[in-house]
Amino acid sequence: MGDWYKRMFEGKLGRYWLTVSDRRKEVTEIQVSFLKEKLPKGLTLDHCCGPGRISIPLSGYMPVVGLDLSGFLLQTAKNRAKEAGVENLFLVRADMRFLPFREETFENVINVWTSFGYFPSEEENEGVIKEISRVLRSGGTFILDMFNPGWLLRNFRERDWMEEEEYLTLEQRSVEWRSKRMKSRWIIIDKCSSEISEVSFDHRIYDLQELKGLLAKKNLETVEVYGSFRKESFDEAKSGRIIIISRKT
Ligand SMILES: C[S@@+](CC[C@H](N)C(=O)[O-])C[C@H]1O[C@@H](n2cnc3c(N)ncnc32)[C@H](O)[C@@H]1O
């Protein structure tokens, strides 16, 4: 399960995941208008950009570098950027633990839709924030969007069935509160071919205080916190998201 993030976003599973991402059109518009308002114009790193869901529309307002590990999702981003006639977007394939950029390259970094906490060790996850801080210029802005474990605890569902046009999916979840990790298993049935795929994944969950502490250790000072991209204030019990806007000191 250790490197699930390499399997999950490539090949058959990657194609499935793209259908999940493509159902987020409405939320994407809300996210992009939030980012346009909160980010100063300047070179922006979309850290773990996936298929360019955010990078492509955002690059209409400021130059964007989209970085991701998945060759499949980056190719999708490239094709979609070409179709959209986008000029201000540069795509880079790299692992988030080792960013191929010099110190203080970016005015802004964004990490959207729980793209943090993927590694088994605390050091590796903390190292990701260290890398982000390294490539951000002093005074630059980092926006991190994670799910809120406070909400998860109160609304926990051990399993769900989801049916879409092409797929039927069973999602099973368990949370180890002691190690603060959520383990999930997806069983995906392709309705056309009846083929079954399965993937298990496991990531670290963080509450607001812990995230603020992690950021502070890497010179990222929290300046605003929201519970949604609609700018609702954060409520530990009710908010689905933890959105932190931080500034490099
Ligand atoms: C939940 S998706 C979010 C994608 C995008 N931020 C969005 O909001 O649509 C997580 C992304 O992280 C990427 N990813 C996973 N592990 C990675 C790694 N080690 N280095 C860089 N990207 C990685 C995946 O390929 C995927 O595109």
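This is a predicted model: local features need pLDDT of at least 70, side-chain atom pairs count only at pLDDT 80 or more; totals for chains, interfaces and linings use all residues.
Helix α5 spans residues 71-84 and has 14 residues. From its first C-alpha to its last it reaches 20 Å, close to the 20 Å expected at 1.5 Å a residue. Five positions in α5 are named as buried: Leu73, Leu74, Thr76, Ala77 and Ala81. These residues lie on the same side of α5, because they cover an arc of only 155° around the axis. An α-helix has 3.6 residues a turn, so residues three or four places apart point the same way. The other side of α5 carries the exposed residues Lys78, Lys82 and Glu83.

Two are helices, α2 (11-22) and α4 (55-58). The others are strands, β2 (64-68) and β3 (89-93). Just after α5 comes Gly85, where phi is positive, at about 70°.

The ligand is surrounded by 19 residues. The closest are Cys48, Arg53, Asp68, Met96 and Val112. For Arg53, a polar side-chain atom lies 2.7 Å from a ligand oxygen atom. For Asp68, a side-chain N or O atom is 2.6 Å from an oxygen atom of the ligand. Val112 contributes through its backbone: a polar atom there is 3.0 Å from a nitrogen atom of the ligand. Taken alone, the ligand exposes 590 Å², and the protein buries 98% of that area.

How values were computed
Residues are numbered from 1 along each chain as its sequence is written. Side-chain values use heavy atoms; hydrogens and water are left out. Helices (H or I, at least four residues) and strands (E, at least two) are DSSP runs, numbered from the N terminus. The expected span of a helix is 1.5 Å times one less than its number of residues. Buried means under 20% relative accessible area, exposed over 50%, partly exposed in between (1.4 Å probe, protein chains only). The arc is that of the directions from the helix axis to the C-beta atoms. Contact means heavy atoms within 4.5 Å. A residue is near a molecule or strand if one of its heavy atoms lies within 4 Å of it. A polar contact is a pair of N or O atoms within 3.5 Å; within protein, one must be able to donate a hydrogen and the other to accept it, and residues adjacent in sequence count only if both atoms are side-chain atoms. Accessible areas come from the Shrake-Rupley method with a 1.4 Å probe; for residues, only the protein chains shown count as cover.
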